[in-house]
Amino acid sequence: MADAPSGTWSADALGGGGTSVRTVTLTDLLRVPLHRIRLVGAVAAVGLLAVLGYVVLMPSAVTASAVVAVRPVVTDAFTPSGAAADRAVNMNVESGIATGTEVVQRLAAEGGDPREVRDALEVEVPTGGQILRFSYTGRSADEAVRNVNLAAQTYLDVRRTMYEKQRAEMLKRYDESIVEVDKQREILQRRIVSARDGSLDAAIAELGGTNSQLTQLRSARTEIAAVDVNPGWITQSAENVLVSSGRHILLYVLAGLLGGTLLGVVLAFAWESADRRVRSVHDGRDVTGLPLLGTVRGGLTAGGLFGGGGLFGGRGLGGGLFGGRRKVMDADIRYVAMAIAERVREPARVALLTTREDPTAITASLAVALAAPGRDVYVADDSGRLERLRTAVLADREHLPAAVNSARPLVPKPRGTDAVSGNGVTGQVPTRRPSPYPVGSRPSRDPDATLTLPRTSPDATASGLGTAGTNAGEVPVGAGGVRFGTWRQRVTTGVVLFNAPPSEADERGVAVARQGAAVVVVEQDRTRHSDLRRLVERLRAAGVTPLGFVLTGSGRG
């Protein structure tokens, strides 16, 4: 039995130990190519451009066809050849003759390379028939039509020449036999003239046999000479209107686009395996082993998640088309603030840590959400981003509900009347500054008298560490306020939020987290697994127990 692993964090989402098992869905598989859509689109565009270049630059190819009916050379051309028509003529031999050297040389003599002619010429033999289908692929329709008709006619000429040569040889042999038999007949005739009674009958009988043999030879020669040596006919000649294009442009374009897309998807998964990003809450929980404090549906953009300088500002798109999304993001950040407030006790010091991103926007939004119920929030930054933080806080404050926003009064200001002109004026009537002296007292002229000083706020009476808030100015937010300064000028009361620099470039965030608590900010589709795992290991080595992690927006990594 194995011991439970030691450590302050659990891999389980509920902190109960063990490893959570999650089912990988089709959405998880589609998430990688969708977030690598630029790579997929670029590869698909390259494939499409390659195909278009091939179609445009390479010469077009057209195919022409001609059909030749092959007939057996017999005495009676209309004699049925039986059920197996292809056995009357050996079609394999005929196909070999159609693509043989004589046909190719005849086509090459018209202009062309014999290798190209042989590659362009094709002969098909349908099963069970005596038909040869010639196909020729050329650069133009005229070339294809001319060469395919020439190939069909050349085949017929070659085959007819072979049959005629065969018939001539047979007729020559018959003529030689007839001449020889005719000589024997003449010899027998001379023998009969000089023969006596005893040998006359034998000579006459031998002459009759010779005459019969001569008759048969002449009859057979006549049949051979009457044989039609026509090997067939061109039943369908090629024409320009029957030419088909050998280049299906639309098919090539679709194939190039589909092939490029598939290659882009493969490259996207390969790139993702080498440079993995946090795509979901499950990824962040698996890498960090920390509990989830909340998700904020907005990116880490300077200017705040709430305000007009943020992802969706109060003007333009933020106030119109994306108004509902704006409210959803406001609720997200308030829930994150509630989760952080539940886990800390004032005075609290919380460092917002990222790997390579800038947490300025979420720091300002959290400061507003924490200060609205009445907390005193101090935002510290040592990287020169105080003005950006102030701008973001002012922008986010405008989106607070009117019930908690002190900068937006519930009741409109009363309309006063100018005593001189009688015109109505709008604005708050200025009030007198309260006297620092007690009511009814007068300043004494006695130098030894006790001097009564005005009461000051704790922020103003703090020593060097507490003067930062007064110097930077306090921004009232709801029932509380937000002050700004550096970490060295931090206050000792309320909630201190440290806007830490990226941990990959600066270690001050981890050092500050050792003095309080830490919140790991993870940006979806941008934060790398390796960087996030390294940040968590550094926190573990420094003895820091983070409150959890926050998943923000979509960075389209």
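Analyst: Buried means under 20% relative accessible area, exposed means over 50%, and partly exposed is in between. The model discussed here is predicted.

User: Which residue forms a salt bridge with Glu 504, with the closest N and O atoms 3.2 Å apart?
Analyst: A salt bridge needs a side-chain nitrogen of Lys or Arg within 4 Å of a carboxyl oxygen of Asp or Glu. Glu 504 can supply the oxygen, so the partner must be Lys or Arg. At 3.2 Å between the closest N and O atoms, the partner is Arg 534.

User: How many residues apart are Arg 534 and Glu 504?
Analyst: Arg 534 sits in helix H16, which covers residues 529–541. Glu 504 sits in the loop between strand E13 and helix H15. The pair links distant parts of the chain, and the separation is 30 residues.

User: Which residues are linked with Glu 504 and Arg 534 in a network of salt bridges?
Analyst: Arg 534 is partly exposed, at 29% relative accessibility. Arg 534 and Glu 504 both belong to the network.

User: Where does Arg 388 sit, given its salt bridge with Asp 358?
Analyst: The side chains of Arg 388 and Asp 358 meet at 2.6 Å, N to O. Asp 358 lies in the loop between strand E7 and H11, 30 residues from Arg 388. Arg 388 itself sits in helix H12.

User: Why are H11 and H12 oblique to each other?
Analyst: Two packed helices are described by the angle between their axes and the distance between the axes. The axes of H11 and H12 come within 9 Å. H11 and H12 are oblique because their axes cross at roughly 50°.

User: Is the crossing of H11 and H12 left-handed or right-handed?
Analyst: H11 covers residues 360–371 and H12 covers residues 386–397. H11 passes H12 in a crossing that is right-handed.

User: What separates Arg 160 and Asp 157 along helix H6?
Analyst: Their side chains meet in a salt bridge, at 3.3 Å from N to O. Arg 160 is partly exposed at 24%, and Asp 157 is partly exposed at 27%. Being three residues apart in helix H6, they are separated by about one helical turn.

User: How many salt bridges are there by this rule?
Analyst: The pair Arg 160 and Asp 157 is one of them. By the 4 Å rule, the count of salt bridges comes to 18.

User: What is the phi of Asp 525 near?
Analyst: Most residues other than glycine have a negative phi. Asp 525 lies in the loop between strand E14 and H16. Asp 525 is buried, at 0% relative accessibility. Its phi is positive, near 70°.

How values were computed
Residues are numbered from 1 along each chain as its sequence is written. This is a predicted model: local features need pLDDT of at least 70, side-chain atom pairs count only at pLDDT 80 or more; totals for chains, interfaces and linings use all residues. Side-chain values use heavy atoms; hydrogens and water are left out. Axes are lines fitted to C-alpha atoms, for helices over the stretch in contact, and angles run from 0 to 180 degrees between N-to-C directions. Helices (H or I, at least four residues) and strands (E, at least two) are DSSP runs, numbered from the N terminus. Angles under 35 degrees count as roughly parallel, over 145 as roughly antiparallel, 65 to 115 as roughly perpendicular and the rest as oblique. A crossing is left-handed if the near helix is turned anticlockwise from the far one by less than a right angle, and right-handed if clockwise. Buried means under 20% relative accessible area, exposed over 50%, partly exposed in between (1.4 Å probe, protein chains only).
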